[in-house]
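Hello,

Here is the structure I promised to pass on to you. Please open it alongside this email and follow along as you read.

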Amino acid sequence: MSDKAAAEQDTVVEVDANDGRGFQPVDAATAQLAQLAVAEDTQEAEEDDDLANLPKKVLLRLDALRKLQEAQAEVEEEFEKERKQLELKYEKLYQPFYHQRAEIVTGAKEVDAVSAEPQTEGDADEEDVKGVPGFWLRALMNHSVLADLIHERDLAAFEFLADVHSASHEEDNGFKLTFEFSENPFFTNKTLTKEYDIGDASESGEAVLRNVTGTVIDWKESQNLCEVTKKVKQRAKGGKGESRVISRTEPCDSFFQFFTPVEMPSEEDDEDVRAAWS
């Protein structure tokens, strides 16, 4: 189990780069934009100088190539729209399978093979296990990035994780992750969500992360997995008198930090960064 800092938890979900959901951390993207703001003017000036030295016929051919590229981009835009609709169509067709999976995992439904299994003498000694215990913990631990976000202190809460599912936005490239929990001793929420608002791809080909929202977890008393209480000695003022032991609560690494709402930089913040690099 890794105790590395969960740097991803604020802004990033690692997904297949080909499915349109890949994006950069906000801080990294902001830094890149600031650097580009400085470099673009210089680069454009150099390109203009180079083009000015080309023969007129070559310039006309380059203009024709530019128009071809623009026409191809229009066709590609239509392709992306149709692909989005196709993805949404099949996502809906997948839902009955995911629903049945959840029923089997939680034990709400028994599979035919178990129901038809003849009873033997040894079955009486077997513990009557409901569903598939620990299914989602095993699934998440098999994911290279998510495994690093799960810590020892989180394991007990994952025993109550009943289902995980994702729903794509119909109007943009965003999506919503939902974690459903059964009644547990840690928090009162039945569902915890993380939602990503993702715009169209930028010129660099990377999707633009516009906003991230998460669930505020209603922790039960003394059960907050995102905090740790430490006892520290506090000296008396002026160094006189006996020191005393006080309790101090500090944030700590936990998978459940993943759901902490993220404060995204505003357009004014982006402009300030650009101005600082100008």
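**Salt bridges**

K81 and E77 are joined through their side chains by a salt bridge, with 4.0 Å from N to O. Please keep in mind that this is a predicted model. The two residues sit about one helical turn from each other, because they are four residues apart in helix 2 (residues 56–106). K81 is partly exposed at 46% relative accessible area, and E77 is partly exposed at 47%.

K81 also forms a salt bridge with E78, at 3.9 Å from N to O. Here the spacing is three residues in helix 2, so about one helical turn separates K81 and E78. E78 is partly exposed too, with a value of 42%.

Another pair to look up is K190 and E183, whose salt bridge spans 2.7 Å from N to O. K190 is partly exposed at 46%, while E183 is exposed at 53%.

**A charged residue without a partner**

D154 is in the loop between helix 5 (144–149) and helix 6 (155–158). D154 is buried but has no salt bridge, and R153, the nearest side chain of opposite charge, is 5.1 Å away. Beyond its neighbours within four places in sequence, D154 contacts L149, L225, S254, F255 and F256.

**Cysteines**

How many disulfides are there? The count is zero. C226 has its nearest cysteine sulfur, that of C252, 6.5 Å away, which is too far for a bond. Both cysteines are buried: C226 at 9% and C252 at 15%.

Enjoy exploring!

Conventions: Residues numbered from 1 in each chain as written. Predicted model: local features only at pLDDT ≥ 70, side-chain atom pairs only at ≥ 80, totals over all residues. Heavy atoms only, no water. Buried < 20%, exposed > 50% of the residue type's maximum accessible area, 1.4 Å probe, protein only. Lys, Arg positive; Asp, Glu negative; His and termini not counted. Contact = heavy atoms within 4.5 Å. Disulfide = S-S within 2.5 Å.
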